[in-house]
Structures are given as structure tokens and as C-alpha cells.
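Reader: I am new to this structure and would like a close look at a single part of it, namely the aromatic residues and their setting. Please take me through them slowly, in one connected account.

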Amino acid sequence: MTHSKEFQTHIQKLLKCKLCPKMEGGPVHGCIEGSRILSIGQAPGIHEERFGKPFAYTAGKTLFKWFASIGIEEEIFRSTVNMSAVCRCFPGKAKNGDRKPDAKEIENCSRYLDFEIKHNKPELVIPIGKLAIDQLIELKKYKLEEVIGKKFRKNFHGVELDWIPLPHPSGLNVWNHTPIGKKLISQALELIRNHPAIEEEFFEISKKS
């Protein structure tokens, strides 16, 4: 894939970034120039740098199983959607799961998300997990059942767009396996499937062929 000079410079800066000394891994990106859809993960896990792409391990298997349920295959998703994240490096381990990036790390990394939003001007953002949802939601405290299964509208980094959140697909996230969790994930996926940007990018092609 050929990128404009500006976008190529952005990727190079991102991959060379060393702003956060506590981060244990190097940057990982899933940048797609001109994408009308942008996903926001939390941060790469321990394996993602090795594979060189976001959601490349067990959480990714669950995530792409969700998307496959609405007719979107992994490779087509990866080649169509700009896969961003709140932080692009592996933060290291905590007692339970991965360490949550701190406010300064989130602020440092926000320049890359800011560029991707302003450059691509997406019509739909899919934040995946609470840390990603936190970047878009106005509420300081909320429960997943108050936001999953709903569509929102927001001016985000200067771009007017829709956003439809998903919970984090980590195996540690027990909410996903509760009756309400399963129901609301299904509702969220249906909203994503029926969004005009998704419809046109993924399903207009299959109608024509």
C-alpha cells in the first residue's frame, strides 16, 4: 500500500517514538490512510510487537470472531479500518493483566490518534475497551451496560463522527460472558454492521461482484 508523504512521515514518527520510559514494548500500528472507519484499542499486549499488528493474539481472536459474526473477515477488516489505540506500546504487566497506561502516557500518545482522526476524517469510530471509550465519553463514571449497544455522535479531534463502543475482548473481561453482556455486544455489532460507512466499505463490494 502506498501512502502520501505526510502519512508515511506519521508512521515513521510513531514507530520511532520513545516518549514513555515505562513502556516495555516498541510501537505497533495498524494505520490505513483514507479509511472511513477507525478503531481504537487500549494498548498492545505482550505479543503484538512480535506480530507487528494490533489485536494479534487471544483477544484478537475473540474480536475478529465478533466481526466475522456480522460478515467481516479479519484480513479485510485490517486492510480497510485504521486500527488505532490509546497507547501504541505494550505497557508491561500488572498484578491482574496488563498495566493501565498513566495519564502522561495517554497524553503523549494522543498526538498519533489526533493526526489519524484529522487526516482520515473517519465517519465511524469503534472504541474497544473502557480505556478507549473513556477518550470519547463525557461521563467520568459509567457502567458498560450504559454505553455498549448504543450509537453516539461527537466532535472528536475536530471531526464530526459517529462512535459505537465495544467492550474489551480480553478473556479476563467476565462481563462479556454475562447475559446482558452477550445481548449488548450483539446489539453493538448490529449497529456497526448497519452503519453506512461499514455497509459501503464492506458490503457494497460483495453486492457488485
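Author: Helices here are DSSP runs of H or I with at least four residues, strands are runs of E with at least two, and both are numbered from the N terminus. Read in that way along the sequence, the protein chain follows the pattern α-β-α-α-α-β-α-β-α-α-β-β-α-α, which comprises nine helices and five strands. The model is predicted, so local features are given only at pLDDT of at least 70 and side-chain atom pairs only at pLDDT 80 or more, while totals for chains, interfaces and linings use all residues. Residues are numbered from 1 along each chain as its sequence is written, and side-chain values use heavy atoms, with hydrogens and water left out.

The C-alpha trace spans about 45 × 40 × 30 Å along its principal axes. Of the 209 residues, 51% are buried, where buried means under 20% relative accessible area, exposed means over 50%, and partly exposed lies in between, with a 1.4 Å probe and protein chains only. If a contact is taken as heavy atoms within 4.5 Å, then 72% of the contacts between residues at least 6 apart in sequence join residues at least 24 apart.

Now to the rings themselves. A pair of aromatic rings is described by the distance of the centres and the angle of the planes. Rings of Phe, Tyr and Trp (for Trp, its six-membered ring) count as a pair if their centres lie within 6.5 Å, and planes under 30 degrees apart are called stacked, those over 60 edge-to-face, and the rest tilted. The structure holds seven such aromatic pairs. One of them joins phenylalanine 64 and phenylalanine 77, and because the planes stand at 75° with the centres 5.6 Å apart, this pair is edge-to-face. The pair links distant parts of the chain, for phenylalanine 64 lies in helix H3 (residues 58–68) and phenylalanine 77 in helix H4 (residues 74–80), 13 residues apart. Phenylalanine 64 is buried because its relative accessible area is 6%, and phenylalanine 77 is buried as well, with a value of 1%. A further pair is made by phenylalanine 202 and phenylalanine 203, whose centres are 6.5 Å apart and whose planes meet at 55°, so that this pair is tilted. Phenylalanine 202 has a relative accessible area of 9% and is therefore buried, and phenylalanine 203, at 10%, is buried too. To return to phenylalanine 64 and phenylalanine 77, these two form one aromatic cluster together with Phe67.

Charged groups also meet rings here. A charge is said to sit over a ring if NZ of Lys or CZ of Arg is within 6 Å of the ring centre and within 35 degrees of the ring normal. The charged end of arginine 193 sits over the ring of phenylalanine 203, 3.5 Å from its centre, and lysine 130 lies over the face of tyrosine 142, at 3.8 Å from the ring centre.

In H1, Phe7 is buried along with His10, Ile11 and Leu14. Seen down the axis of H1, these buried residues fall within an arc (that of the directions from the helix axis to the C-beta atoms) of 95°, and so they line one face of the helix. What covers them includes strand S2 (82–85) and helix H5 (103–120), whereas Lys5, Lys13 and Lys16, on the other side of H1, are exposed.

Gly181, Leu184, Ile185, Ala188, Leu189 and Ile192 are buried in H8, and since they cover an arc of only 140° around the axis, they are on the same side of H8. The face turned away from this buried side carries the exposed residues Pro179, Lys182 and Lys183.
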